[in-house]
Amino acid sequence: MSWIGRMMGHAGEADLERVQQEYSVLLAEGERIEAAYQVIRDLFIFTNKRLILVDKQGLTGKKVEYLSIPYRSINRFAVETAGHLDLEAELKIWLAGSREPLVKTFHRDLDIYYVQRLLATYVLR
């Protein structure tokens, strides 16, 4: 995806090897990264055990929040594909105890069906 798409807040696939090297310290024993997507400086990482949201804060991005969402905390999810004139697809995730979904926007070139399959694989266990 182009840098323009990322600047507009659309997620694109992240380099899995780089993500594995940089974020392996967050992983539990037996946990592996399945996919990762980047929006500007932020990242969301799908592992075989949970979803990790990486929120880099401030001008330098040195302050980082890591939000760990076990798949069992996800009540439901929805994907909205990009239409003919749309530039983006959306992923909505409802967490236990939350009324409003967590919404992530993907560039239209990204395979939103793969993201949906990942969630279905782990949430529906």
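Which residue in strand 8 is the bridge partner of alanine 89? The points below answer this question and describe the surrounding structure.

1. The structure is a predicted model. The protein chain contains 3 helices and 8 strands. Read from the N terminus, its elements follow the order α-β-α-β-β-β-β-β-β-β-α.

2. The protein chain has 125 residues, and 38% of them count as buried. Among contacts in the protein chain with a separation of 6 or more, 37% are between residues 24 or more positions apart.

3. **Strands 7 and 8.** The partner asked about above is phenylalanine 106: this residue of strand 8 forms the bridge with alanine 89. Strand 7 covers residues 88-95 and runs antiparallel to strand 8, to which it is joined by 6 bridges. The hairpin of these two strands has 6 residues between the strands, and in this hairpin glycine 97 takes a positive phi near 85 degrees.

4. **Proline 101.** The loop between strand 7 and strand 8 also holds proline 101. Is proline 101 buried or partly exposed? Its relative accessibility is 21%, so proline 101 counts as partly exposed; the cut-off for buried is under 20%. With neighbours within four places in sequence left aside, proline 101 is in contact with Lys92, Ile93 and Trp94. Proline 101 and alanine 78 are 23 residues apart in sequence, and their C-alpha atoms are 9.5 Å apart in space.

5. **Phenylalanine 77.** Strand 6, residues 74-80, includes phenylalanine 77. Not counting residues up to four places away in sequence, phenylalanine 77 touches Lys92, Ile93, Trp94, Gln116, Leu119, Ala120 and Val123. One of these residues, glutamine 116, is 39 residues from phenylalanine 77 along the chain, yet the two C-alpha atoms are separated by 8.4 Å.

6. **Strands 4 and 5.** A further antiparallel pairing, over 8 bridges, is that of strand 4 and strand 5. Within it, glutamine 57 has lysine 63 of strand 5 as its bridge partner. The hairpin of strand 4 and strand 5 has 5 residues between the strands, and here glycine 58 takes a positive phi near 80 degrees.

7. **Phenylalanine 44.** Strand 3 is the place of phenylalanine 44. This residue counts as buried because its relative accessible area is 2%, and buried means under 20%. Phenylalanine 44 lies 11 residues from aspartate 55 in sequence, with 8.6 Å between their C-alpha atoms.

8. **The largest pocket.** How much space lies in the largest pocket? The amount is about 180 Å³. Strand 3 (42-47), strand 4 (50-57), strand 5 (63-70) and strand 8 (102-107) are the elements that each give two or more residues to its lining. The lining consists of 13 residues, and those nearest the centre of the pocket are Asp42, Leu53, Val54, Asp55 and Lys104. By class, the lining has 7 nonpolar, 4 charged and 2 polar residues. Asp55, named here as one of the residues nearest the centre, is the aspartate whose distance from phenylalanine 44 was given in point 7.

How values were computed
Residues are numbered from 1 along each chain as its sequence is written. This is a predicted model: local features need pLDDT of at least 70, side-chain atom pairs count only at pLDDT 80 or more; totals for chains, interfaces and linings use all residues. Side-chain values use heavy atoms; hydrogens and water are left out. On a 1 Å grid over the protein atoms alone, a cavity is a set of points where a 1.4 Å probe fits but cannot get out, and a pocket is an open set with protein on both sides within 12 Å along at least five of seven lines; lining residues have an atom within 4 Å of a point. Grid points are joined across faces, edges and corners, and a volume is the space filled by probe spheres set on the points. Helices (H or I, at least four residues) and strands (E, at least two) are DSSP runs, numbered from the N terminus. Ala, Val, Leu, Ile, Met, Phe, Trp, Tyr, Cys and Pro count as nonpolar, Asp, Glu, Lys and Arg as charged, and the others, Gly among them, as polar. Two strands pair if DSSP finds at least two bridges between them. Buried means under 20% relative accessible area, exposed over 50%, partly exposed in between (1.4 Å probe, protein chains only). Contact means heavy atoms within 4.5 Å.
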